[in-house]
Amino acid sequence: MKPDIIIVAKLHQPTQDILEKEFTAHRLYEATDRDAFFKGLAGKVEGVASGGGGVNAAMMDALPKLKLIAHFGVGYDVVDVDAAKKRGIRVTNTPDVLNDCVADTAMALTMNTLRKFPQAEAYLRSGFWAAKGGYPLSTSLGGKTMGIVGLGRIGEAIARRAQASGMKIAYHNRNKKDVAYPYYPDPVSLAKASDVLMLVTPGGAETKNLVNAKVLDALGPQGYLVNISRGSVVDQPVLLKYLQEGKIAGAGLDVFSEEPKVPAGFYALDNAVLFPHVGSATHETRFAMGMVQVDNLRALYAGKPLLTPVV
Ligand code: 8YV
């Protein structure tokens with residue numbers, strides 16, 4: 001008998017295929033009557049595979065046998081971890097395997113935002129090169145300071161890449177780390193010292209609107225914001241206003257507060273580069289993330305230690 005699990009939202013195909021082969025997988029995203037879905041599974045589901053969608057306290061209550069929420073993604077802000085802790089439910093995520101990919105995205109956004117490569121390419125494609133002459137000059141990375149908010153494993157991978165481009169590194173974390181980069185005790189003082197403020201901090205209630213008008217004022221009209229963490233970390237309407245009014249120089253954004261919705265005002269900006277949350281979105285990395293998720297579920301049913309527990 002294969003164990004019953006729930007898949008919250010459709011996963012990367014190879015992950016989905018393995019889970020559906022090894023488990024009796026019930027697709028929440030296809031359920032038309034959620035109450036009936038949970039009622040039917042309440043007595044037998046110990047594992048949930050989340051990602052794309054999360055798990056809230058009500059869902060945990062509907063599944064009294066639940067032991068593990070195996071989440072696809074390093075960020076697990078869509079899982080109510082406090083509610084899980086209270087109920088003795090474990091939660092795992094998929095760290096490390098995506099560090100390089102996400103750091104590449106962060107660096108691409110930094111380069112594209114300062115150097116305006118997407119705009120320069122659009123200029124060529126519009127036939128303007130021959131018609132109007134060369135594309136206007138942009139801004140160098142070399143010699144500039146990147147201030148990293150959240151110097152964890154992804155932040156360190158970004159720092160290495162930024163240094164290879166000639167940038168200096170500074171950072172803010174809740175706690176000072178044993179690293180050579182200068183530490184700033186709060187986002188405002190870091191923003192003041194930075195040309196590029198790079199957001200890598202986890203999402204969730206603790207970091208909601210961490211980047212507000214005060215932080216953007218400290219970054220100033222020559223400063224750039226790059227966000228590859230979560231849209232919730234930035235006060236998005238304020239950011240849009242600051243970009244429209246030139247109160248910061250530009251922004252590179254991979255994440256937004258209500259994905260996939262992006263407020264129309266962003267589309268019109270020439271000083272922003274916008275990605276549709278592609279931080280970890282390669283075949284290789286998504287495969288590796290999926291395998292961590294699968295291995296955590298396997299470990300649960302084999303009675304082995306979980307690979308990547310967060311609680
Ligand atoms: C994924 C991410 O886009 O890992 C994360 O936290 O934000 C991204 O790698 C997302 O998890 C896919 O659902």
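The model is predicted, so local features need pLDDT of at least 70 and side-chain atom pairs count only at pLDDT 80 or more, while totals for chains, interfaces and linings use all residues. Residues are numbered from 1 along each chain as its sequence is written, and side-chain values use heavy atoms, with hydrogens and water left out.

A polar side-chain atom of Ser280 lies 2.5 Å from a ligand oxygen. For His277, a side-chain N or O atom is 2.9 Å from an oxygen atom of the ligand. For Arg286, the corresponding distance is 3.0 Å. Taken alone, the ligand exposes 330 Å², and the protein buries 83% of that. Accessible areas come from the Shrake-Rupley method with a 1.4 Å probe.

Helices H5 (residues 99–115) and H6 (residues 117–125) pack against each other. Helices are DSSP runs of H or I with at least four residues, strands are runs of E with at least two, and both are numbered from the N terminus. The axes of H5 and H6 are 6 Å apart, at an angle of about 60°. Axes are lines fitted to C-alpha atoms over the stretch in contact, and angles run from 0 to 180 degrees between N-to-C directions. H5 is therefore oblique to H6; angles under 35 degrees count as roughly parallel, over 145 as roughly antiparallel, 65 to 115 as roughly perpendicular and the rest as oblique. Met111, Asn112 and Arg115 of H5 meet Phe117, Pro118 and Gln119 of H6, with contact meaning heavy atoms within 4.5 Å.

Lys116 sits in the loop between H5 and H6. Its phi is positive, about 55°, although Lys116 is not a glycine.

Terms used. A polar contact is a pair of N or O atoms within 3.5 Å; within protein, one must be able to donate a hydrogen and the other to accept it, and residues adjacent in sequence count only if both atoms are side-chain atoms.
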